[in-house]
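Please look over the chain shown here.

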Amino acid sequence: MSDHYETLGVSRDASPDEIKKAYRRLARTLHPDVNDGQGSEDRFKEVSHAYDVLSSPDKRAAYDAGGDNAFGGQGAGFGFSDIFETFFGGQGGSGGARGPASRQRRGQDALVRLEIDLEEAVFGATREIRVESAEVCSRCQGSCCEPGTSPETCDVCAGRGQVQRVARSFLGQVMTTSACPRCGGHGTVLPAPCHECSGEGRVRTRRTLTIKVPPGVDTGTRIQLSGQGEVGPGGGPAGDLYVEVQERRHPRLRREGDDLHTVLEVPMTAASLGATVQVPTLDGERDVELQPGTQHGSTVTLGGLGASHLRSPGRGDLHVHVDVVVPTRLDDEQRDLLQQLATLRGEERPTGRTSNGSASGLFGRLRDRFVNG
């Protein structure tokens, strides 16, 4: 019987990638669809069998230990691990017999991150994302076999996926059941694994998805797309895809929950006399009424102009924080006018006032801001 390493043309310490590349190179030249020469079909089956053994870590280890005779041979020895499996479950023992394992398994969930603007978070959006994941192999359609071939019943376990052996121990004769080393517990073997997916039934690919971002999402919100994750081995059902939202910082607006905050700078004359000032919002320009004597740090709330509620109708509020700007440069005329105003108000020599930090004063507002976050 030929050596599997020689059949594929690789060394005995070849890596899994080297073994895969060698198989693909030989499969492309020996496949019956492209090579009808005498003996090519037998040679292709021999290469496929060699790859089936060496591509599986368990089968390869068994082969390295005892060649092809390791598959299906009955060992005479019986160790403690066999006894443990027999009496306490696992895959050993008659109680663990579950029949052949399916090659199909559900795929893993996938996670991608999506950056969006504040406007998209508030009003919702439709975006396209690029996703790299596993999809069903287009060549074998998930069968894991080369087109025109199909899995064959394992000649070691007769399709049961498990093998039994009887051995002697200090407890007497004991029968154990374990996964078949020839087929890996599947009950079938692949005479010609698909050389596009290497018998996996799936391949890695990139694709574009269109998703709808609902109004009201925030940083950390995850959007679940069922069945858009990784396709499982053997063409198994796909897992789910989760899109995690990351909201970009807005140049004028700060978000806290469903409320928005902005700072409105106004000259001291407008704050003293009162004025109507236009403020840019996500819904366009809005008028803000400043009452005469408006103080620095006061807040005007515009209801319903904040972020949308994610799971209920309506929106939060927009809070406009007034920043009274005191001029730092005055010409002679402006200085004279201010001095006249100070004289009229009796403020030529201001004494100032101290406060105990009540909630109505500046320190009170600062205290509440630090205490309440």
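The report below goes from the whole chain to its sheets, its salt bridges and a few single residues.

## Basis

This is a predicted model, in which local features need pLDDT of at least 70 and side-chain atom pairs count only at pLDDT 80 or more, while totals for chains, interfaces and linings use all residues. Residues are numbered from 1 along each chain as its sequence is written, and side-chain values use heavy atoms, with hydrogens and water left out.

## The whole chain

The chain has nine helices and 15 strands. Both are DSSP runs, numbered from the N terminus: helices are H or I with at least four residues, strands are E with at least two. The chain counts 373 residues, and 37% of them are buried. Buried means under 20% relative accessible area, exposed means over 50%, and partly exposed lies in between, with a 1.4 Å probe and protein chains only.

The accessible surface is about 22500 Å². Carbon and sulfur atoms hold 48% of that surface. Such areas come from the Shrake-Rupley method with a 1.4 Å probe, and for residues only the protein chains shown count as cover.

Contacts are heavy atoms within 4.5 Å. Take the contacts with a separation of 6 or more: 66% of them are between residues 24 or more positions apart.

## Two open sheets

Strands pair if DSSP finds at least two bridges between them. Leu 111 stands opposite Tyr 242 in β9.

Another open sheet has four strands, in the order β10-β11-β15-β14, again with mixed pairing. β10 (254–256) and β14 stand at its edges with a single partner strand each, so one side of each has no neighbour in the sheet. Here the twist averages 30° from one strand to the next. β10 runs antiparallel to β11 (259–267), with three bridges between them. Arg 255 has Leu 260 in β11 as its bridge partner.

## Salt bridges

A salt bridge puts a side-chain nitrogen of Lys or Arg within 4 Å of a carboxyl oxygen of Asp or Glu. By this rule there are 22 salt bridges.

| Asp 52 | Lys 59 | 3.3 Å |

Asp 52 and Lys 59 are both buried.

Asp 240 and Arg 106 link distant parts of the chain, 134 residues apart. Asp 240 lies in the loop between β8 (222–225) and β9 (241–247), and Arg 106 in the loop between α5 (80–88) and β1 (110–116). Asp 240 is buried, at 13% relative accessibility, whereas Arg 106 is partly exposed, at 47%.

What does the pair of Asp 283 and Arg 315 tie together? Asp 283 is in the loop between β12 (275–281) and β13 (284–290), and Arg 315 is in the loop between β14 (299–302) and β15 (318–325), so the pair ties together parts that are 32 residues apart in sequence. Asp 283 is partly exposed at 28% relative accessibility. Arg 315 is partly exposed too, at 23%.

Some salt bridges share partners: they join Asp 218, Glu 247, Arg 255 and Asp 258 into one network.

## Single residues

Cys 144 is not a glycine, yet its phi is positive, at about 75°. Cys 144 sits in the loop between β2 (125–136) and β3 (152–153). Is Cys 144 buried or exposed? Cys 144 is buried, with a relative accessible area of 3%.

Ala 158 also has a positive phi, near 60°. Its place is the loop between β3 and β4 (162–169). Ala 158 is exposed, at 52% relative accessibility.

Asp 3 lies in the segment before α1 (4–8). Beyond its neighbours within four places in sequence, Asp 3 is in contact with Arg 12 and Tyr 63. The side chains of Asp 3 and Tyr 63 make a polar contact of 3.3 Å. A polar contact is a pair of N or O atoms within 3.5 Å; within protein, one must be able to donate a hydrogen and the other to accept it, and residues adjacent in sequence count only if both atoms are side-chain atoms.

Terms used:
Axes are lines fitted to C-alpha atoms, for helices over the stretch in contact, and angles run from 0 to 180 degrees between N-to-C directions.
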